[in-house]
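I opened a notebook for this structure. Below are my entries, in the order I made them.

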Amino acid sequence: QATLHVKLDGRNLAAGALLAAVGQPRDVQGGKTDVGVDLALRGNSPHAWAGSATGSVRVNTGHATLVNARADQASALAKLAGAVNPFRDRDATTELRCFVARLPLHDGVARVERGIAAETDKVGVSASGTLDFRNETLDLRFQPKVRKGIPIDVAGLADLVGVSGPFAAPQVH
């Protein structure tokens, strides 16, 4: 059984290229991103390594303009974005102020308490829950809040949005 220690520190990476690399291509202008990974892994396959991961993963993205494409509305990421950001369907772009993810992992499971957060010029959102790399499942609750001074029909904003299921096909509820 192999034992690995992975330490990665990336600075000023392009957010659009990172999204494409993880299978979520998106038209993004700006979004300099810093990534930090410090993980101990055990096993003889990528699945075993992910299932044993212990350490931390950190992602910080700065200001970016995200084009709100209409073509991808069926994807779980698009459904989540629409549920936590009611302006996504009205505005041509979303002005992201920042995105932060801090995932402490122990034996392949990340438990976060508001450890994932994003702020746009109109909405802030934080997430809590579990990412389980052993079973490749997630169970997260996103809490959106409209920024002060932004007019919105309160019925258009959910109090809490859940995302759960397999990584490959999560469901938004």
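**Surface patch, helix, loops and rings**

I began with the surface. Leu4, Val6 and Leu8 make a nonpolar patch of about 210 Å². Patch residues have over 30% relative accessible area and no salt bridge; nonpolar side chains (Val, Leu, Ile, Met, Phe, Trp, Tyr) are joined within 5 Å, like charges within 9 Å. A salt bridge puts a side-chain nitrogen of Lys or Arg within 4 Å of a carboxyl oxygen of Asp or Glu. Areas come from the Shrake-Rupley method with a 1.4 Å probe, and for residues only the protein chains shown count as cover.

I noted the ground rules. This is a predicted model, where local features need pLDDT of at least 70, side-chain atom pairs count only at pLDDT 80 or more, and totals for chains, interfaces and linings use all residues. Residues are numbered from 1 along each chain as its sequence is written, and side-chain values use heavy atoms, without hydrogens and water.

I placed Leu4 in strand β1, residues 2–14. Strands (E, at least two residues) and helices (H or I, at least four) are DSSP runs, numbered from the N terminus. Leu4 has a relative accessible area of 33%, so I logged Leu4 as partly exposed. Buried means under 20%, exposed over 50%, partly exposed in between (1.4 Å probe, protein chains only).

Next I turned to helix α3. Which residues of α3 (residues 76–84) are buried? I listed Ala78, Leu80, Ala81 and Val84. Down the axis of α3 they fall within an arc of 160°, so they line one face of the helix. The arc is taken from the directions from the helix axis to the C-beta atoms. Their cover includes β8, β9, β10 and β11.

Then I checked backbone angles. Most residues other than glycine have a negative phi. Asp107 is not a glycine, yet has a positive phi of about 50°. Asp107 sits in the loop between β6 (93–106) and β7 (109–120). Glu136, also not a glycine, has a positive phi of about 55°. I found Glu136 in the loop between β8 and β9, partly exposed at 40%.

Last, I looked for ring pairs. How many aromatic pairs does a search of the whole structure find? I got one. Phe133 and Phe167 are edge-to-face, 5.2 Å centre to centre, with 65° between the planes. Rings of Phe, Tyr and Trp (its six-membered ring) pair if their centres lie within 6.5 Å; planes over 60 degrees apart are edge-to-face, under 30 stacked, the rest tilted. Phe133 lies in the loop between β8 (123–132) and β9 (137–146), Phe167 in the loop between β10 (161–166) and β11 (171–172), 34 residues apart.

Terms used:
Contact means heavy atoms within 4.5 Å.
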